[in-house]
Structure formats: structure tokens, C-alpha cells
Amino acid sequence: MISLNDGERLDDLNRKGYQIIQNKDKFCFGMDAVLLTGFAKVKKAEQVLDLGTGTGVIPILLEAKTAGGHFTGLEIQVESAQMAQRSVAWNHQEKKISIVQGDIKEASLIFGKASFHVVTCNPPYMNDTHGLKNPNMPLAIARHEVLCKLEDVVRETAAVLKPGGRFYMVHRPRRLMEILSTLAAYSLEPKRIRMVHPFLDREANMVLIEAVKGGGALMKVEPPLIVFDSPNMYSREVKDLYEK
């Protein structure tokens, strides 16, 4: 029997009746995780790894949305990993989803090289020069590069991906050049990029990226994704991501 701890709640994921356990005082998933699961492409029977999975929302949503074979989430924070494991059990998906407690920087040691067809990551956006760190350590770890840096994510992704495997990441546009150069340094060729704008007339505040291990030098910039048509009114595309 799965029970909720103090401060925890169940949130509906609007997919296959799945729910997720979250604690508002720790870290709750945001729109960026949902957008990433809509951008990522997972084929039938593929093995998928989510780096820094938090409470497990990305593996759970990808299991609901795709025909992938198995989904693994790696999370360094013990409490978050345990919460994710309980969410997987709550949804009776223990055979399809595994949550492993461990360090992103050691992913290739934990799982072995060339183990996955797909890797996803919603990494900390801010390095040491960006913003004030939250005094709440779980939130600081989720938002700032406290325990791992962008290069750690990319290096380990390149190691655990099979040749031709795909990497999907959501990040901030202001770090796009750094992201592209780091991907190239580890033979991960950017293939698709999509900017995310809060409103049609606002600058992008997120970027979705697909890179292929050992892929050719040909990149597609997709049409922008607009989140809101008007204040508090999601665009049709974003509604579909949440509702279908």
C-alpha cells in the first residue's frame, strides 16, 4: 500500500489515469518537463533514460505517451528518488519504469556504455553566474548547477547512448551557443531545435533540442511553440500536450 507523507499531494497527469506524488515544499515539475515529453520521439521497444528525473514525471509521461520498451529515471536526491519510486508503484508501472538513485556524473558507470536508444534531460538551467541560489537545497539542486554541470550531462549522455541514439533536452536560450558547442564536443549532432515563447510577442524563454549521437551536420529549426494565446489561456498546442 502506497501512502502519502506529510506535505505530499497527488497530482493528476491527465494521461491514462496516471497520478504523481509531489511535495510543494521540495520541487514540483513544471511546464518544461511536459513540453519535453511532447518534443521527444520514442519508438516502439526503445530503452529510455531520463537524467535527473526528480519525482519521475518524464518517464511516467513518456510511458503514457509512447510505445517505448522501458523507461529509467536517474535521480541523486534520495527523497526525490523515493517519491518517484512510489509514484511508479502508485500507477502500477513497476515493470515498465525503474527509478535509480545515483549521480548523473556516474551514469555510464551505473548503466554501462551504449545502453539506451534515447536519453532525456530537464537539467538545472542556471550556472554559478546566473541568479540567486534558493536556500532550500532540493530547489537549489533542481535549478542551479550545484551537483552537476551541463558538460557532465552531455558527457554521460554521449557515453550511455547507442550509436545513432537520440538526446532530448529543454534549456534556456541564453545558453544555446554553449549547449551547441558542448554537444559537438561529444559527437552529439543537433538535429532539431524549437524555441518556446510565453506569448507570440515575447522573446523565447525555453529551447527544446534534439541531438543524435554520430549524426550528420544537418539541423532543422522548427516553428516556434507559443504557450499562451492570452493571459491564463493556453494555446491549442499546449492544451493538447496536457489533455491528450
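**Ground rules**

I call a residue buried under 20% relative accessible area, exposed over 50% and partly exposed in between, with a 1.4 Å probe and protein chains only. I am working on a predicted model, where local features need pLDDT of at least 70, side-chain atom pairs count only at pLDDT 80 or more, and totals for chains, interfaces and linings use all residues. Residues are numbered from 1 along each chain as its sequence is written, and side-chain values use heavy atoms, with hydrogens and water left out.

**Two positive phi angles**

I started with Asn232, which is exposed at a relative accessible area of 76%. Its phi is positive, about 65°, although Asn232 is not a glycine. I found Asn232 in the loop between strand 12 (228-230) and strand 13 (233-234).

Next I looked up Ala114, another non-glycine with a positive phi, here about 55°. Ala114 sits in the loop between helix 4 and strand 6 (116-121). Ala114 is partly exposed, with a relative accessible area of 32%.

**Ser108**

I then went to helix 4 (residues 107-111), which holds Ser108. Ser108 is buried, at 15% relative accessible area. Setting aside neighbours within four places in sequence, I see Ser108 in contact (heavy atoms within 4.5 Å) with Lys113, Glu156, Ala159 and Val160.

**Helix 1 and Leu36**

How many residues of helix 1 are buried? I get 8 of the 9, so helix 1 is largely enclosed by the rest of the structure. The buried ones are Met31, Asp32, Ala33, Val34, Leu35, Leu36, Thr37 and Phe39.

I picked out Leu36 in helix 1, which is buried with a relative accessible area of 0%. Not counting residues up to four places away in sequence, Leu36 touches Ile58, Thr120, Cys121, Asn122, Tyr168, Met169, Val170 and Leu208. I also checked Leu36 against Val88, 52 residues apart along the chain: their C-alpha atoms are separated by 19 Å.

**Helix 1 against helix 2**

Two packed helices are described by the angle between their axes and the distance between the axes. For helix 1 (residues 31-39) and helix 2 (residues 57-65) I note an angle of about 35° and axes 10 Å apart. The axes are lines fitted to C-alpha atoms over the stretch in contact, and angles run from 0 to 180 degrees between N-to-C directions. Helix 1 contributes Ala33, Val34, Leu36, Thr37 and Gly38 to the contact, and helix 2 contributes Val57, Ile58, Leu61, Leu62 and Lys65. By class I have 7 nonpolar, 2 polar and 1 charged residues there; Ala, Val, Leu, Ile, Met, Phe, Trp, Tyr, Cys and Pro count as nonpolar, Asp, Glu, Lys and Arg as charged, and the others, Gly among them, as polar.

**Rings**

Rings of Phe, Tyr and Trp (its six-membered ring) pair if their centres lie within 6.5 Å, and planes under 30 degrees apart count as stacked, over 60 as edge-to-face and the rest as tilted. By this rule I have 5 aromatic pairs. One of them is Tyr234 with Tyr242, stacked at 5.4 Å centre to centre with 10° between the planes. Tyr234 is partly exposed, with a relative accessible area of 29%. Ring pairs join Phe199, Phe228, Tyr234 and Tyr242 into a cluster.

Last, I noted Arg192 over the face of Phe39, 3.9 Å from the ring centre. The test asks for NZ of Lys or CZ of Arg within 6 Å of the ring centre and within 35 degrees of the ring normal.

Conventions
Helix = DSSP H or I, 4+ residues; strand = E, 2+ residues; numbered from the N terminus.
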